[in-house]
Amino acid sequence: MHMKTTSIELNEQHKVDVYSQGAHVMSWLCDGKEQLFMSNAAVFEKNKALRGGVPIIFPQFGGFGPGQKHGFARNLPWQPIETDASNRLLFQLADSEETRTVWAYTFRAEFLVELNDKQLRMAMTISNYDEEAIEFTCALHSYFRVNNVENACISGLQDCLFWDNGTPFDERYADERSEFSLNAALDRIYFDVPANIALTEQQQTRIIESRGFNDIVVWNPWREGAAQLADMESEEYRHMLCIESAAVNKPISLAPGASWTGEQLITVI
Ligand code: TA6
């Protein structure tokens, strides 16, 4: 079953496409160049998140909780909401019988996508409509398109403490490198990161700014990991790098009536 795709098109060179299942940003063209990775093997089916683009992770990041891995928001249809600006799209997801069976709270999630010449802005807002406080972890799980991951350089995480997936969660190390590239699989959460980090490859730098999120996840499964994923070709690992703005270490707590917004802004320079 195919879901609806909505687009913002400033012109032929600047465009973003959003899939209504998951309010999932699928593609972003900036200066005619695709900025996001989408696997050739991505599956466009009900209840299945796409392998690429920007999955919205809510109300649980990874296995950090009793619910399904990475939560349900990326698997459900979101409702488009009218906006008064031609460069903005807005989507909404409210609790339903389906969500309440796995997460017993009344909430509303909104996702705003704003496209400017050199920038994509994505903002997720969670509002607590319940009588009880709610707590969740979440992320904007962006898959960046790169020519060759081994040449893509990340900077801005120097001295941040990190945790490597697969090790005890209280085991933390500091990264002393001012910049680094990957040459093997990495699945790592950096904590209390600066607002801006940079991804540079060849002549292009993408500034990744997080607002409201304290953590950054860096993930690439490499060839062997990708081979385990049914919806990714094993050689595609070369062309992707996930840099995710996330709230994992300190879950977000919202009193009844309260709201929280987390944003990721990507600027091409
Ligand atoms: O954000 C990194 C991560 O949590 C990895 O551990 C890896 O499993 C990835 O997300 C993708 O998860 P998915 O459920 O989409 O296969």
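Which strands each supply at least two residues of the lining of the largest pocket?

Analyst: This is a predicted model, in which local features need pLDDT of at least 70 and side-chain atom pairs count only at pLDDT 80 or more, while totals for chains, interfaces and linings use all residues. Residues are numbered from 1 along each chain as its sequence is written, and side-chain values use heavy atoms, with hydrogens and water left out.

Strand S16 (186-190) and strand S19 (215-220) each supply at least two residues of that lining; strands here are DSSP runs of E with at least two residues, numbered from the N terminus. A pocket is defined on a 1 Å grid over the protein atoms alone, as an open set of points where a 1.4 Å probe fits, with protein on both sides within 12 Å along at least five of seven lines, and its lining residues have an atom within 4 Å of a point. The largest pocket holds about 420 Å³ of space, a volume being the space filled by probe spheres set on the points, which are joined across faces, edges and corners.

In total, 24 residues line the largest pocket, and those that lie nearest its centre are Arg51, Lys69, His70, His141 and Trp219. By class, the lining comprises 10 nonpolar, seven polar and seven charged residues, where Ala, Val, Leu, Ile, Met, Phe, Trp, Tyr, Cys and Pro count as nonpolar, Asp, Glu, Lys and Arg as charged, and the others, Gly among them, as polar.

Turning to the ligand, the residues that surround it are Arg51, Phe61, Lys69, His70, Arg74, His141, Asn165, Asp187, Val217, Trp219 and Glu244, each having a heavy atom within 4 Å of the molecule. Three of these residues can be described through polar contacts, that is, pairs of N or O atoms within 3.5 Å. Arginine 74 places a polar side-chain atom 2.8 Å from an oxygen atom of the ligand, histidine 141 has one at 3.0 Å from a ligand oxygen, and for asparagine 165 the distance from a polar side-chain atom to an oxygen atom of the ligand is 3.4 Å. Of the 390 Å² of accessible area that the ligand has on its own, the protein covers 86%, with areas taken from the Shrake-Rupley method with a 1.4 Å probe.

For context, the second largest pocket has a volume of about 260 Å³ and a lining of 15 residues, with Pro59, Gln60, Gly65, Pro66 and Trp103 nearest its centre. Strand S10 (residues 134-140) gives the most to that lining, with three residues, and the lining of this second largest pocket divides into eight nonpolar, six polar and one charged.

Terms used:
Helices (H or I, at least four residues) and strands (E, at least two) are DSSP runs, numbered from the N terminus. A polar contact is a pair of N or O atoms within 3.5 Å; within protein, one must be able to donate a hydrogen and the other to accept it, and residues adjacent in sequence count only if both atoms are side-chain atoms.
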